[in-house]
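Good morning, and thank you for joining. Please look at the sequence and the structure as I bring them up, and keep them in view while I speak.

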Amino acid sequence: MLRIAIQALYNFLASLKLAVLLLIGLAIALAAGTILESLHGALAAQKVIYHSGWFTLLLILLGANVAASALNRLPWQKRHLGFLLTHAGILLILFGSWMTQRFAVEGILALAEGEKSDRIELPQPLLHILVPKAQETLTVPLKTTAFEWKGRRPLTEAGPQGLKVYLAAYYPHSEHLEEMLPKAGGKPALKASVYNAFMGSGGWLLQGDPDRDNVHLGPAHVRFSAVEFEASSAPAEKGEIVLQAGGKSARFAVEDLLGKETPIPGTSYSVSVIRYLPHAAVENNELVNKSEAPVNPACEISITGNGITEMHTVFARFPDFPTIHGLKPSQSGVKVGFEAPSAEGSAENELRFVRKEDGSLVYQIITQGVPLPPSPLEIGKEYTTGWMDIRFIVESFLPEAELRTGFESRPMPSQGKSPRPAALVRFEKGPESHEAWFTTGSHEIFFLGGVPYHVTYGDRTSSLHFELELKDFMIEYYPGTQRPASFKSNVSLEDPVKGVSKELIISMNEPLQHRGYKIYQSGYQLPQNGSEVSIFQVARDPGIPVKYAGSIVMILGIVIMFYMKRFSNQKPLYAEK
Amino acid sequence: MLKNNRMSIPVMSRRAGRFLAAAMFIVLFLVPPSEAANAKFSKAAWEPLESMAVQSGGRIKPFLSFAREVMVFVTGRETFEGRDAVSTLFGWLAETEAWERQPLIPVSSKELKDSLGLAGEKRISPQALASDHNFLQKAETLAAKSDAGETLTFLEQKQMDLYQRLNLFYNSAQGRTWTVIAPPVAKDQRWAGLDQIAAVPGSESLKPALDALLAAYQAGDERAFRQKAEIFANALGREPSLNRELHYLRLHPFRRAWWLYLAAFLVLLLLAPLHAKTRTFFSACGLLAIVAGFAFHTYGFVLRCWIAGRPPVSNMYESVVWVSWAAVLFSLILYAFNRSNHLAASAAAVAAFGLILADTLPAALDPSISPLVPVLRNNFWLTIHVLTITLSYGAFALAMGVGHLALFFYAFQPRREDALKGLTLFIYRAVQIGVILLAAGTILGGVWANYSWGRFWGWDPKETWALIALLGYLTLLHCRFIGWIGPFGLTVGAVTAFLGILMAWYGVNYVLAAGLHSYGFGGGGVSYVSIFVAFDLALVALAAWKYRWNARG
């Protein structure tokens with residue numbers, strides 16, 4: 001009885017029907033994986049499909065099917081060669097994949113110029129808990145999830161000095177958010193939106209906090225103050241004309257050039273400003289001035305000399321626009337630019353909210369430093385500013401408030417952008433508890449039961465047992481562009497155990513090989529200030545030779561099966577009928 | 001019956017046939033591809049300007065190449081109202097006031113039209129756009145938003161795109177993008193544009209030369225224009241190494257190739273006997289046209305390799321050209337074993353279809369030659385991997401093409417078992433070739449990944465879909481082996497399994513990469529491709545239904 005059951009199972013395992021079902025099943029699972037990746041990122045696809053238990057089971061079943069169908073043809077003959085090689089190849093590839101999953105190491109090593117390190121970062125986030133007084137430390141791996149998760153999952157219940165640690169929420173991709181909450185004794189806060197047909201933005205303003213009491217929303221400056229605006233007496237500045245010719249540049253104040261021919265140093269040309277238009281606009285193909293407010297400052301300029309006169313129109317806000325009239329290449333070769341004062345300074349537009357000492361709210365519109373009288377402000381009512389059809393609304397007001405920050409889950413970013421995971425961790429000790437948000441590299445210090453705890457969130461690191469130092473990072477660009485053509489790193493390798501000490505170059509597709517590791521040039525960072533950072537991908541994969549061998553055997557088998565009749569004389573099953 | 005009818009076409013003597021075929025070949029060879037007229041002057045007058053060297057997009061290229069790229073970017077086409085790219089671009093420079101009033105810039109989506117207050121117009125003039133103050137202001141805020149790394153909505157992307165087209169028009173009209181002036185010493189440094197013509201040291205002779213050229217253009221004097229153009233181009237300095245690319249651009253090898261393929265397809269389908277192995281005058285002509293087309297196709301490909309200094313399979317345009325080439329190559333190999341007009345006709349149709357797409361949709365399939373990102377450079381395994389995997393696409397495309405012809409027979413001439421037997425054999429053979437190449441190519445992808453960043457397999461969508469496509473074809477072969485499907489099932493399978501290839505080839509880049517949820521859906525012609533695929537599947541379903549109907553009756 002048992003024999004029959006085993007025979008039936010074996011026949012099923014060796015059957016072509018199972019093979020076809022597995023092929024179709026695999027194809028569907030993989031297609032689902034790519035769609036999942038597109039929607040929720042690579043991590044989700046790996047957790048739910050590629051590295052899941054059931055997918056592994058599917059692959060094991062495929063391996064069993066491939067092996068059984070080969071054993072089923074015992075005793076093997078010459079005509080089985082192609083078929084057998086193909087199936088042996090598939091088994092080898094599957095075995096190599098298992099070796100990779102079991103033994104491979106993959107990590108990142110980032111080095112700034114002059115920096116040395118022997119540790120790589122592995123993609124395994126963990127919490128590092130330190131009690132400085134007692135010199136006690138604990139490292140807790142963080143169990144991440146593929147999707148937004150909230151709940152209570154113990155990370156450790158035996159932390160230093162009786163600490164218990166729980167994961168309360170995990171977002172694979174998040175956004176840092178701020179929240180204004182009422183709090184007795186806090187500062188007054190209001191939430192305003194400023195918008196017109198083309199743009200809109202808004203946010204909280206916190207009175208008396210220099211970082212948070214004013215904000216640029218679109219072209220306007222919005223401020224929440226305790227005092228009303230007082231006009232300053234300084235007149236608005238018109239700005240400067242910048243001329244470039246023959247590799248030199250000269251600057252003139254617009255006022256000085258208005259209607260006055262002024263020679264340009266180093267050339268035989270002179271320049272003058274014909275018209276200054278603080279609020280330039282095109283109407284009926286004519287450039288006209290709409291107001292005296294410097295909304296869109298423009299200058300009409302003439303450049304005269306050598307028997308020619310060129311007319312230019314320059315816009316301060318649109319420096320990329322061609323300036324010349326007549327639209328041939330400039331005869332004079334003089335490049336014209338116009339720098340008007342930006343919206344900062346005394347001449348700006350400002351929308352000011354004021355909470356007076358009696359607790360009443362007013363708003364004030366200040367155009368080019370000229371204030372209108374304050375008017376009472378109602379929450380939820382729309383007002384107009386008079387600038388470019390911009391309107392505003394104050395959505396809410398809190399007389400006493402406090403700013404709290406947190407994280408909110410977001411859909412995965414599109415390919416090419418890396419996700420920003422965030423974890424909410426709860427620490428408990430006796431009746432006391434503390435909650436904190438962590439993202440990569442973040443650090444939190446808190447006291448529980450009078451004991452100070454330092455907690456850092458980062459990736460697990462692993463030692464290479466040899467040290468790399470970045471001596472120099474070099475990058476070349478395609479001519480005339482900012483597109484990198486190649487980049488490479490000059491590193492020195494120190495391995496005292498093996499007695500190796502050498503200096504070498506790691507470049508794209510030319511990795512450093514040492515002790516079974518391959519160290520690839522993968523990326524770089526060029527900070528504005530500070531030294532260049534070279535990023536290396538470090539990998540060790542003992543499964544590779546097995547997979548290569550399997551691949552060669554499999555392809556050889558397919559070729560024999562298709563094209564060498566002597567070794568592939570298997571009659572199709574349908575022909576036997 | 002039909003067979004006898006076909007056979008009654010008078011068969012010429014061998015000699016006369018050869019003569020006529022040769023004559024046809026010569027005519028096809030000599031007729032130049034339709035070239036847009038160069039308004040104002042004849043073609044020859046523009047030649048000196050076409051050959052000027054420009055530094056653009058990270059390499060030195062002939063002005064003809066640059067002008068076509070700028071035209072495609074600004075207008076979406078290589079020509080404008082019958083004027084070719086070089087003369088149009090020169091027109092922008094010399095007669096900006098006339099050209100900026102022309103409706104040059106395409107406004108594609110309805111949303112975008114609404115935001116600009118346009119009614120039915122498909123295009124807008126640069127001047128109208130540049131005087132739309134609201135639009136400019138909006139574009140500035142979008143640029144800031146985009147710089148800050150924020151995601152733009154579909155409409156905002158379109159607006160940014162429009163703004164960039166506008167800027168490129170004015171920068172080109174101003175001569176700023178005409179980076180033709182090489183620094184006297186270090187040529188790999190940034191070249192200067194025409195707007196700096198008077199400011200670049202050591203190039204004093206250039207300005208008078210350009211002025212004289214503009215004057216000759218204004219005067220409409222063709223001889224003088226050509227002469228001045230010659231002087232100006234000489235003053236800039238010649239780059240003889242660009243002659244190869246000029247030759248490539250002027251020859252239009254792929255356009256000639258699709259003409260010949262199309263001619264071959266029509267001749268073979270309509271005039272040659274459908275019965276596979278019969279040779280007539282027309283079947284000889286058809287075959288000759290395919291071979292000639294293949295010669296142009298190969299020649300163009302070799303030229304492009306030579307110009308780019310790498311195998312040209314780095315973007316969609318190049319891969320479409322290469323896959324078409326592979327389809328013809330495999331059909332010729334199979335033809336050597338089994339001479340069939342059907343096979344040749346199907347291959348010609350597949351290749352002509354691919355090359356027509358590549359030739360007529362420059363905005364979607366960018367024909368420009370651009371430098372590669374560092375990780376893809378000098379990469380032996382990448383080259384081998386991509387060539388192998390795209391060769392397999394060619395084999396599967398051939399199987400799909402033959403499959404369509406076979407479906408036609410199944411639906412309308414199911415009794416032609418002789419023809420069907422041949423066609424299904426070709427499908428089987430082409431699928432076999434494809435399976436070997438796709439399996440090898442997918443594995444070589446792993447070899448490349450291991451070589452470049454130490455990872456054999458990483459479930460990247462592109463490699464995963466190559467595997468899915470392979471699994472699809474393996475399922476097909478196994479099903480045929482078991483006998484679950486017959487020759488008709490194989491035919492339907494070869495046509496539908498190509499969807500897997502289409503997904504790996506096109507869909508991963510344009511459907512998945514954009515993210516099914518993002519605003520990018522619809523970019524890259526996804527809607528058109530979807531409609532086409534749906535239409536094709538409907539045809540397959542119709543043929544299957546007709547086949548069953550015939551079988552019952």
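In helix α23 of chain B, the buried residues include B:V526, B:V533, B:D536, B:V540 and B:A543. Please bear in mind that this is a predicted model. Helix α23 of chain B covers residues 526-552, 27 residues in total.

Chain B contains 23 helices and 5 strands. How many of its 553 residues are buried, as a percentage? The share is 54%. The accessible surface of chain B is about 23300 Å², and carbon and sulfur atoms account for 64% of that surface. As for contacts in chain B between residues at least 6 apart in sequence, 69% of them join residues at least 24 apart.

I turn next to chain A and one of its sheets. In general, the strands of a sheet pair through backbone hydrogen bonds, either parallel or antiparallel. Here, 3 strands of chain A form an open sheet with antiparallel pairing, in the order β11-β10-β18. Which strands stand at the edges? They are β11 (248-253) and β18 (335-339) of chain A; each has a single partner strand, so one side of each is left without a neighbour in the sheet. On average, neighbouring strands of this sheet are turned by 20° against each other, direction ignored.

Finally, consider one pairing in detail. Strand β10 of chain A, residues 240-245, is joined to the antiparallel β11(A) by 6 bridges. For A:I241, the bridge partner in β11(A) is A:F252.

How values were computed. Residues numbered from 1 in each chain as written. Chains lettered and ligands numbered in written order. Predicted model: local features only at pLDDT ≥ 70, side-chain atom pairs only at ≥ 80, totals over all residues. Heavy atoms only, no water. Pairing = 2+ DSSP bridges. Helix = DSSP H or I, 4+ residues; strand = E, 2+ residues; numbered from the N terminus. Axes fitted to C-alpha atoms, helices over the stretch in contact; angles between N-to-C directions. Expected span 1.5 Å × (residues − 1). Buried < 20%, exposed > 50% of the residue type's maximum accessible area, 1.4 Å probe, protein only. Contact = heavy atoms within 4.5 Å. Areas by Shrake-Rupley, 256 points an atom, 1.4 Å probe, with all protein chains shown as cover.
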